[in-house]
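Please keep the sequence and the structure in view while reading.

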Amino acid sequence: MDTGSVALIALAGTGAGAVNTIAGGGSLITYPALLAVGYPPVIANVTNTVGSLPGYAGGALGYRRELARQPRRVIILSTVTAAGAVAGSALLLAGSESTFVTIVPWLILLSTLLLAAQPLIGKIVTRSKDKAQLADKRTERLRWAAAGQLGVAAYGGYFNAGLGIMILGVLGITMDSEFQLLNALKTWLSTVASIVSLVFFSIFATVAWKAALVMGGATLLGGWLGALLGRRIPADPLRWAIVAAGLVIFVVLWIDNAS
């Protein structure tokens with residue numbers, strides 16, 4: 001990689017790490033950056049997934065107090081997430097690159113629309129008024145969360161963009177808890193999915209390791225900064241800027257595929 005490519009990937013990685021922790025949608029920054037420096041779509045996607053791991057891990061480290069308050073959720077949902085990520089990663093490598101290229105603009109559009117809908121998803125996160133009923137329903141709610149997380153993790157193994165938003169949506173619909181606890185859990189489960197995909201892709205796929213290392217260091221810094229700032233800055237302006245960028249990326253890739 002030349003100096004310009006390293007600088008672009010590092011800048012994108014830092015921004016994506018912070019964005020993933022604060023609002024979600026960081027892959028809408030890093031995946032196009034990898035395409036822009038010349039990587040083919042599948043390799044860019046694989047490298048993006050691998051390079052995103054340190055950013056997720058940095059965010060999870062920042063939320064360690066919130067994670068310590070929900071150990072049962074962490075253990076059960078991590079196991080389900082690992083299984084789903086293996087399935088999604090295998091599906092990516094089993095398919096053809098032409099199929100992936102055709103699908104990816106629509107996956108970007110999906111993740112962009114999910115990001116736009118995130119405030120509504122956040123409002124779904126509610127507490128039960130009857131704490132006795134909540135205790136009775138806790139196991140059942142966790143089962144529904146695990147079922148939804150299996151499908152979301154499979155999506156994440158196939159295409160990383162929008163993963164955190166989808167996880168938060170599943171958790172918000174199926175579980176009663178304060179938003180910061182679910183946001184911490186979302187960040188941890190994203191980390192688990194990325195670890196599993198990293199191992200799988202390291203064995204079976206081509207990873208642009210130089211780009212992944214540059215991006216990984218940058219996302220680690222960004223994820224740590226995002227966790228520090230996430231409780232202090234409004235996410236809405238950042239979210240809508242990324243939504244606008246995501247729509248532009250969708251149009252560009254769709255036109256490129258159509259031509």
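## A nonpolar patch on the surface

Helix H10 gives the most to the nonpolar patch, with four residues. The patch is formed on the surface by Leu 93, Ile 195, Val 199, Ile 203 and Phe 204, which together have about 460 Å² of accessible area. Patches are made of residues with over 30% relative accessible area and no salt bridge, with like charges joined within 9 Å and nonpolar side chains (Val, Leu, Ile, Met, Phe, Trp, Tyr) within 5 Å; a salt bridge is a side-chain nitrogen of Lys or Arg within 4 Å of a carboxyl oxygen of Asp or Glu. Phe 204 is found in helix H10 and is exposed, with a relative accessible area of 55%.

## Basis of the model

This is a predicted model, in which local features need pLDDT of at least 70 and side-chain atom pairs count only at pLDDT 80 or more, whereas totals for chains, interfaces and linings use all residues. Residues are numbered from 1 along each chain as its sequence is written, and side-chain values use heavy atoms, with hydrogens and water left out.

## Overall architecture

The protein chain has twelve helices and zero strands, where helices (H or I, at least four residues) and strands (E, at least two) are DSSP runs numbered from the N terminus. Of the 259 residues in the protein chain, 51% are buried; buried means under 20% relative accessible area, exposed over 50%, and partly exposed in between, with a 1.4 Å probe and protein chains only.

Among contacts in the protein chain with a separation of 6 or more, 84% are between residues 24 or more positions apart, a contact being heavy atoms within 4.5 Å. The accessible surface of the protein chain is about 11500 Å², and 70% of this belongs to carbon and sulfur atoms; such areas come from the Shrake-Rupley method with a 1.4 Å probe, and for residues only the protein chains shown count as cover.

Tyr 31 is one of the buried residues of helix H2 (residues 27–36). Leaving aside residues up to four places away in sequence, Tyr 31 touches Pro 41, Ala 44, Asn 45, Asn 48, Phe 100, Val 104, Ile 108 and Phe 159. After H2 comes Gly 38, whose phi is positive, near 110 degrees.

## Aromatic pairs

The structure holds six aromatic pairs. Rings of Phe, Tyr and Trp (its six-membered ring) pair if their centres lie within 6.5 Å, and planes under 30 degrees apart count as stacked, over 60 as edge-to-face and the rest as tilted. Trp 106 and Phe 250 form an edge-to-face pair, because their ring centres are 5.1 Å apart and their planes are at 65 degrees. This pair links distant parts of the chain, with Trp 106 in helix H6 (residues 97–116) and Phe 250 in helix H12 (residues 236–258), 144 residues apart. Trp 106 is partly exposed at 47% relative accessibility, whereas Phe 250 is buried at 12%.

The rings of Phe 200 and Phe 204, with centres 4.8 Å apart and planes at 45 degrees, form a tilted pair. Both residues lie in helix H10, four residues apart, about one turn of the helix. Phe 200 counts as buried at 16% relative accessibility. Elsewhere, ring pairs link Tyr 31, Phe 100, Tyr 158 and Phe 159 into a cluster.
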